[in-house]
Amino acid sequence: MNKEIGSQSIVEPMKNFISVKDVKDINGLVQKSLHYKMHPFKDRHVGVDKRVGLLFLNPSMRTRLSTQVAAQNLGLEPILFNIDKEGWALEFEEEAIMSGNTVEHVKDAAPIMGKYFDILCIRTFPSLKNRDDDYSELFIKQFIKYSGIPVVSMESATLHPLQSLTDIITIKEILSHESQAKKTKPKIVLTWAPHVKPLPQCVANSFAQWVNAWGEAEFVITHPEDYELDPAFTKGASITHNQDEALKNADFVYVKNWSTYNDYGKIYCNDPEWMMTNEKLKLTNRAKVMHCLPVRRNVELSDEILDGPNSIVTQQASNRVWAAQAVLAEILKSSS
Ligand code: CP
């Protein structure tokens, strides 16, 4: 495996970017991302005369902007399409009798996009109504099947890999600035937080999947009873319902709400006691606090944390550019 960075390939060919399973060398991809942070325009010609389609079926701020910036840093032309608002309603089921609300089948639309673009990036959310449907990842799988070009997930029904790559980049960046005396394995805690709406499990699933695959941390997940995540993603983490116990000596605390996985898509408990506060931070090892954003202030996380010295949410969100740039560059190199 080639370990060089910059314009050289540091991972085995990346065909699509849907989950951590598409990455053979997480640290190599992190290193490449941080290299782009220092040298944003180093590979400004690798995407010249190529186009990336950014297809949004759902709202976004960070993903939409950072992926455009990343593409432009590589000379790629990003073309954004809010298909949920501006396009025809897509059908994804095979052999569907399209007598309802859907107007165009993905097997007709995706090959056309495959002719217009060199890479297709897609954001879609789960319905939170039917777990089997959501966890089948039909939308993104159909685009992979029918577009004929590399597909990058900008968040799917169950995972958010660009966010998770960013999260590992940010953790490694912080660790690299800390003293040599620091223990070798940081303690990372993913904690459930209250929210007013049922949210997808994507960010939590994906963070767990990436931290477990990365393997360089003591990893604890804490949530109220009945908020278990899919074990396919959490296997390898310690799981506890005792948030205070989990937070003890934590170096990083990742705060995130998710709705129930077993009795799918519900809110059971919205105990405000689960909100992260400065009082709870006293249990930690002066932990850095992370959140993917957008965040409900004083519901998930207190103002005092978000506006205080422990919050790294802005650094985290800014690193979205370098994660997207490294992934797009790898895919361009693999497909050239
Ligand atoms: N974290 C994240 O994906 O943000 P957006 O939904 O604004 O893109």
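Me: Where does Pro294 lie?
Reply: Pro294 is in the loop between β11 (288–290) and α12 (303–306). Helices are DSSP runs (H or I, at least four residues), as are strands (E, at least two), numbered from the N terminus. This is a predicted model, where local features need pLDDT of at least 70 and side-chain atom pairs count only at pLDDT 80 or more, while totals for chains, interfaces and linings use all residues. Residues are numbered from 1 along each chain as its sequence is written, and side-chain values use heavy atoms, with hydrogens and water left out.

Me: What kind of peptide bond joins Leu293 and Pro294?
Reply: A cis one, with omega at about 5°.

Me: OK, Asp226. What is its phi?
Reply: Asp226 has a positive phi of about 80°, although Asp226 is not a glycine. Asp226 sits in the loop between β8 (218–222) and α9 (231–234).

Me: Now the largest pocket. Which residues lie nearest its centre?
Reply: Phe125, Leu199, Pro200, Lys256 and Pro294, out of 28 lining residues. A pocket here is an open set of points on a 1 Å grid where a 1.4 Å probe fits, with protein on both sides within 12 Å along at least five of seven lines; lining means an atom within 4 Å of a point.

Me: And which elements give two or more residues to that lining?
Reply: α2 (62–73) and α8 (202–214).

Me: Why does the pocket lie between the two domains?
Reply: Because domain 1 (20–159 + 320–335) and domain 2 (163–318) both contribute residues to its lining. The bounds come from an automatic or database domain assignment.

Me: Which residues are around the ligand?
Reply: Ser60, Met61, Arg62, Thr63, Arg123, His160, Gln163, Cys292, Leu293 and Arg320, counted by a heavy atom within 4 Å.

Me: How far is Ser60 from a ligand oxygen?
Reply: A polar side-chain atom of Ser60 lies 2.7 Å from an oxygen atom of the ligand. For Arg123, a polar side-chain atom is 2.9 Å from a ligand oxygen atom. Arg62 uses a backbone N or O atom, 2.9 Å from an oxygen atom of the ligand. Polar contacts are N or O pairs within 3.5 Å.

Me: How much of the ligand does the protein bury?
Reply: 92% of the 250 Å² that the ligand exposes when taken alone, by the Shrake-Rupley method with a 1.4 Å probe.

Key. Polar contact = N/O pair within 3.5 Å; in protein donor to acceptor, adjacent residues only side chain to side chain.
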